[in-house]
Amino acid sequence: SDLDAFQDQSGTLNIAGGTAHIPVMKQAARAIMTANPNIRITIAGGGSGVGAQQVAKGLVTIGNTGRALKPSEAAHGLISFPFAIDGVAVILNPDNPVTQLTQQQVIGIYAGRIDNWQALGGDDRRINLFTRDEASGTRAVFVKKLLSKQPVATFANVVASNGAMKTSVARDPGAIGYSSVGYIDDSVRAPALDGVVPTNEACASGEYPIVRKLYMNTKGEPQGLTRSFIDFVYSAQGAEYVRQSGYIPLLQ
Amino acid sequence: MMSHRPYPRLTSSMATLVLLLIAALFVAIGWFALPVFLHSSQTLLTFQWQPELGCYGILPMVAGSALVALMALMLACPLALGLTAFGLLVRRPWLATLVRTVVRLMAGVPTVVYGIAALFLLVPLLRESFRAGSGYSLLAAALMLSLLILPVMVSMLDSQMRPLMLQLRIGARSMGFTDAQTLTYLVLPRCRRAMISAALLGFGRAVGDTLLPMMLAGNAPQLTGSVLDSIRTLTAHIGLVVATEQGSAMYNSLFASGLILLGLSAVLTLTTRALLKGGQP
Amino acid sequence: MSERKSTLMAGWALLATSVVMTAVMVLLGYVVLSGAAAMGSTLFVGDAPLWPALSGQTPVWGGIWPACVGSLTVVVLSLLLALVPGIGTGVWMATVVDSRLSRCLGVAVDVLAGVPSILMGLFGFTLILFLRQWYFPAANTSLLLAAACLAMLIIPYLAVSTRTALQSLPPQLRQTALSLGMSESQTCRHVLLPQARGGIMAGILLAIGRAAEDTAVIMLTGAVVNAGLPGGLLQRFEALPFSIFYLSAQYQSQQELTMAFGAALTLMLLTATLFAVAGGLQRAACRRRWGDLNQEVIHDRRD
Amino acid sequence: MIGEIDELSVRFGSTEVLKRVSLTLQERKVHVLSGPSGSGKTTFLRALNRLNDSFGDCHTTGRIRLWLDDQPVQLESLSQARLPYLRQRVGMVFQHPQLLPGTIADNLLLPLTVVAGLSRTRARERMEQGLVQAALWPEVAGRLTAPAVSLSGGQQQRLCLARTLALKPQILLLDEPTASLDPETALQIETLITELSRQLTIVMVSHSPEQAQRLGDHRLQFERGRVVSGH
Amino acid sequence: MIGEIDELSVRFGSTEVLKRVSLTLQERKVHVLSGPSGSGKTTFLRALNRLNDSFGDCHTTGRIRLWLDDQPVQLESLSQARLPYLRQRVGMVFQHPQLLPGTIADNLLLPLTVVAGLSRTRARERMEQGLVQAALWPEVAGRLTAPAVSLSGGQQQRLCLARTLALKPQILLLDEPTASLDPETALQIETLITELSRQLTIVMVSHSPEQAQRLGDHRLQFERGRVVSGH
Ligand SMILES: Nc1ncnc2c1ncn2[C@@H]1O[C@H](COP(=O)(O)OP(=O)(O)OP(=O)(O)O)[C@@H](O)[C@H]1O
Ligand SMILES: Nc1ncnc2c1ncn2[C@@H]1O[C@H](COP(=O)(O)OP(=O)(O)OP(=O)(O)O)[C@@H](O)[C@H]1O
Ligand SMILES: [Mg+2]
Ligand SMILES: [Mg+2]
Ligand SMILES: O=P([O-])([O-])[O-]
């Protein structure tokens with residue numbers, strides 16, 4: 001099987017970075033460590049910024065980012081391995097009757113100009129804004145592609161991961177946030193943006209425009225265990241994990 | 001009263017070690033922070049944090065830290081005094097033991113446990129009862145912080161007040177003092193030092209706590225006057241931007257925040273010491 | 001006037017106590033109830049077989065056992081590192097003549113006590129960057145680093161509580177011991193320290209609690225979401241408070257949320273156990289030393 | 001008669017320290033207790049203001065009735081809330097000085113303002129009065145703000161006496177008031193006691209037979225927790 | 001001659017408590033100090049084992065030389081490290097009992113094991129010896145593990161005496177050793193003092209002229225910090 005490559009390997013592999021990646025990384029690590037208990041794989045989140053920063057410093061072997069490396073980051077000799085396509089979508093609480101938003105409305109909301117759901121055809125409730133932290137790749141993509149680089153209002157609540165974004169919105173009927181499409185499930189609802197519902201298919205086909213790739217990054221050419229791990233993510237079994245996590249697998 | 005020769009060499013070498021450690025901490029953080037202050041203080045010391053606009057002002061976080069800690073302290077100080085007094089005044093031993101046990105238990109309650117409980121009880125409560133925000137707010141963080149710092153303050157107060165109380169009780173009773181009077185007029189005035197150090201300790205912990213503000217205060221980098229608004233503290237800011245790209249303006253604000261925090265805590269400590277010195281006969 | 005002030009005091013004592021007790025009971029009760037639902041072997045080892053998982057033969061997924069062991073290890077390690085410097089410094093500060101150095105140290109320890117824990121984490125983090133660059137390219141965030149930073153965090157607790165406990169003893173006690181021909185160090189070891197044992201123990205308890213629950217430090221110095229059982233001093237590790245923080249914010253399913261509460265309850269029980277053990281030690285030491293008698297009477301001693 | 005003690009027994013843990021002591025106290029008289037060390041004199045005094053209560057393992061049986069402000073007060077059935085009143089009316093000076101923390105003045109002013117509820121000025125007057133009575137005024141007039149612990153042993157003893165007198169008790173319990181005083185000062189205190197006995201009832205412990213002879217209207221001999229002779 | 005005090009002055013802050021006191025101490029004799037309360041007797045005793053040092057604001061001038069174990073020891077130039085030795089050879093019993101925390105036995109055993117470095121068994125023997133000498137043994141033999149604070153005033157006083165005697169000092173400082181004792185026990189202690197004076201030098205404070213007469217080989221009268229008469 002795809003795990004054969006790990007048969008007589010051992011050692012520790014440290015992974016950190018993008019929170020969108022965590023479900024894939026966990027599943028892969030679990031499969032590998034179960035097959036060969038001599039291998040230790042540690043996984044930390046932190047956001048894309050952490051991924052780029054720590055792999056550049058050599059603190060981790062694989063640093064994940066949810067955005068392409070900045071030139072300044074790439075300058076440390078990092079090599080990127082895109083392995084999935086993912087969309088970034090606005091999410092609302094399922095109790096919120098609003099099902100349609102335009103890009104201009106989202107920009108207005110995130111600029112703080114629209115502050116009540118009534119203005120958008122919803123209940124009379126304050127809009128509670130949620131955004132991601134500064135290190136987030138998801139935020140970078142969201143601001144660049146959806147907000148057209150308009151700034152996010154300072155009063156927006158800040159959460160530190162895709163998962164936290166989902167749970168915060170899931171608990172607050174007045175909330176609006178954004179997350180990786182892979183994270184969308186029953187607990188939150190993604191309204192149609194300019195008429196397009198952000199689904200995996202829509203992202204794959206390019207119908208839904210706000211998409212990005214998920215990357216693994218290494219410092220220099222990966223060797224040994226690192227190489228095997230990356231290959232495993234690209235393997236058929238790895239691609240299955242990517243799909244299960246809600247993303248569209250990319251080939252090497 | 002205690003003024004005599006240094007006792008064994010071990011203790012003095014340990015003291016030196018600790019002194020060195022503290023120096024190392026300051027040097028390390030100062031080393032990284034000073035260049036930042038020297039080169040980009042205009043961007044740093046402003047009231048706006050909007051990375052998309054290139055605004056990296058950390059003063060909203062400074063205000064956030066100060067506000068949340070002061071509020072927590074204002075709640076916790078009288079409560080700590082009340083709890084300590086209760087432990088000294090109550091006549092039923094089992095009740096005193098119970099309260100003391102609960103307070104000890106509180107000291108052992110991990111911050112994150114308060115955090116998770118408040119996340120699912122206090123935040124929704126604030127959101128639905130005021131309808132003026134998401135519930136992630138200054139108030140939520142301050143309330144939980146006050147619970148967090150209570151046991152430290154109580155045990156600090158109690159360790160000073162209890163021996164004094166026990167020592168004075170017989171003599172005072174023989175003069176017709178009630179226990180409450182002994183406490184109010186004999187013990188409390190002599191525990192000013194303990195009270196201020198308890199408050200200092202509490203404030204330090206409230207300012208220094210990362211988790212509760214990060215989980216409950218909303219982390220919005222804004223200046224606000226409403227206790228129901230979301231704010232970001234310096235500690236939470238460090239926790240959030242430590243993840244950003246090294247060398248960027250955001251990453252640099254990390255050390256600036258660190259130095260401000262360090263400076264704040266040091267100044268606090270020093271003023272308190274000065275205050276106490278002045279107040280003593 | 002005097003009547004009113006002290007009556008007020010007594011009334012406030014009652015009110016404050018009831019408010020705090022209620023709040024704590026509600027919050028902790030909620031965690032206990034939610035966490036109790038999760039208790040069971042799956043909470044600790046997920047779907048792995050129980051014994052092999054506990055002993056580390058099988059990796060654990062979806063369970064908090066590695067985090068439990070990680071937390072325990074890091075706390076014990078940090079206490080080992082901090083105990084001697086902390087108490088030694090406290091004794092030194094309480095017994096030394098007033099000098100420039102002692103004043104310096106007093107200020108420094110107070111300042112250190114006020115330093116936010118995340119700065120200790122930041123310090124550890126920059127320290128590793130520094131070490132990697134200049135001395136040990138292999139240095140990395142790890143269990144040892146986290147324990148060392150935690151030790152720095154708790155040293156002032158130990159030092160300050162030791163100092164206060166020693167200084168609040170009646171001065172006659174020292175005079176008496178000296179008049180019997182005890183040296184300063186004997187007075188300290190045989191009379192003052194045993195008397196101050198309660199206060200020092202309280203400081204150790206606080207320190208343990210502090211080390212066990214702190215998340216900010218370990219977040220920056222080596223705690224990760226997934227690592228398995230601690231693999232060594234120089235490896236990254238899982239820790240309970242960090243797992244709770246992580247899970248409570250980003251549970252992917254109701255089951256993960258229950259797990260977060262389960263972990264919270266476990267951490268609470270863990271710290272409670274640590275406290276109970278330390279408290280028991282304290283009482284036992286007291287009995288061994290001063291006989292199994294009414295402590296109150298001893299405290300009532302005057303003069 | 002101002003006091004009636006009936007079958008009073010006091011036990012600390014399992015050792016019986018007072019054994020069925022019965023006696024009466026006469027108004028405006030000096031009662032001198034003597035007896036070997038450890039015979040229960042101090043314990044008896046502490047029973048009269050229920051200060052034995054402060055020891056966790058103390059058990060008291062029997063009846064004590066005192067007439068305070070012309071009201072009969074049954075000590076064993078007194079509620080906790082009334083104890084401060086009792087202790088104010090029945091003042092006590094301990095065998096060894098028990099100082100309050102703070103200065104010499106604090107030691108007098110605090111009880112006066114807090115317990116007796118006097119104003120600062122009234123309290124200052126009373127303080128001076130008390131110190132003069134206790135023959136301490138000349139020695140401390142110039143150093144009222146010095147810490148009380150800096151006084152010599154005998155001075156501390158008299159400070160405690162002054163403090164109790166300033167509260168104007170109705171019954172005064174004195175545990176060896178002249179034990180650590182030189183003969184001259186002791187004589188002053190004896191004179192004071194005689195004077196005071198015109199206004200209040202005194203129960204004192206003394207080890208000196210001559211003193212007991214000189215002062216005592218009633219002398220009570222304690223031995224192993226019993227009163228063996230009295231008249 | 002075992003001690004020579006030359007122009008000894010002691011000042012607490014700005015008040016001079018002892019003023020140029022000069023006298024000699026004779027070996028194996030009883031020196032009785034008397035004088036009004038506050039005249040500096042206790043301070044003088046504390047000067048002989050340098051215990052005044054433990055008050056921050058105390059300044060001592062003058063010379064004190066003691067012959068300890070046949071070696072002349074100049075007190076004012078004694079190094080810190082030698083103070084324990086001095087205080088062990090020059091034992092002191094305070095005016096008011098100063099207990100160590102813990103049980104009655106602890107109060108004796110702790111100094112014996114720690115200061116004198118005796119084994120547990122040797123220490124126990126010495127403890128019993130000390131308690132017998134101080135006339136306390138019958139009263140405490142059965143309750144050695146009771147807290148020392150539960151003793152009566154006079155018992156505490158004798159406990160402190162026993163504690164000091166057990167350490168076998170060469171010079172013994174007694175601050176009113178019989179002040180709170182009944183005449184009978186006081187007499188026992190007086191007999192003890194006379195007996196002890198065959199082996200060691202005693203400096204004691206007493207307020208009783210009769211006692212001074214009975215015991216004192218040398219009597220010294222203190223007044224306001226000066227020795228006004230002595231022989
Ligand atoms: N708190 C206590 N706990 C246990 N025993 C006690 C306590 N207080 C006193 N005793 C014992 O009770 C007995 C009587 O003590 P008390 O203090 O009344 O004696 P006293 O007559 O005042 O003696 P003295 O003249 O020595 O002061 C003594 O044997 C003493 O040890
Ligand atoms: N630590 C101190 N600080 C300031 N003054 C002190 C201190 N100790 C003693 N004094 C003062 O020095 C004087 C002499 O005190 P000392 O204790 O030697 O008197 P004494 O002769 O023992 O009297 P008594 O018979 O009352 O015990 C007193 O006036 C006392 O107030
Ligand atoms: Mg007595
Ligand atoms: Mg004296
Ligand atoms: O995937 P993230 O970088 O947004 O955490």
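This is a predicted model: local features need pLDDT of at least 70, side-chain atom pairs count only at pLDDT 80 or more; totals for chains, interfaces and linings use all residues.

Then hop over to chain E and pick K41(E), where a polar backbone atom is 2.8 Å from an oxygen of the ligand. How much of ligand 2 does the protein bury? Taken alone the ligand exposes 640 Å², and the protein buries 91% of that.

Now show the whole shell, which has 20 residues; S152(D), G154(D), S37(E), T42(E) and T43(E) are the closest. Colour by chain: the site is shared, because residues from chains D and E surround ligand 2. Colour by class instead and you get 13 polar, four nonpolar and three charged residues.

Switch to cartoon view and find α6 (153-166) of chain D and α1 (41-48) of chain E, which each supply at least two residues of the shell. The top contributor is α1(E), with four.

Last stop: select ligand 4, a magnesium ion. Which residues coordinate it? They are T42(E), through OG1, and Q95(E), through OE1, at 1.9 to 2.4 Å. T42(E) lies in helix α1 of chain E, while Q95(E) is in the loop between β6 (90-93) and α3 (104-114) of that chain, 53 residues apart.

Are these two buried or partly exposed? T42(E) counts as partly exposed because its relative accessibility is 21%, whereas Q95(E), at 12%, counts as buried.

Technical notes
Residues are numbered from 1 along each chain as its sequence is written. Chains are lettered from A and ligands numbered from 1 in the order in which they are written. Side-chain values use heavy atoms; hydrogens and water are left out. A residue is near a molecule or strand if one of its heavy atoms lies within 4 Å of it. A polar contact is a pair of N or O atoms within 3.5 Å; within protein, one must be able to donate a hydrogen and the other to accept it, and residues adjacent in sequence count only if both atoms are side-chain atoms. Accessible areas come from the Shrake-Rupley method with a 1.4 Å probe; for residues, only the protein chains shown count as cover. Ala, Val, Leu, Ile, Met, Phe, Trp, Tyr, Cys and Pro count as nonpolar, Asp, Glu, Lys and Arg as charged, and the others, Gly among them, as polar. Donors are N, O and S atoms within 2.8 Å of the metal (3.2 Å for Na, K and Ca); water is not among the atoms, so sites may look incomplete. Buried means under 20% relative accessible area, exposed over 50%, partly exposed in between (1.4 Å probe, protein chains only).
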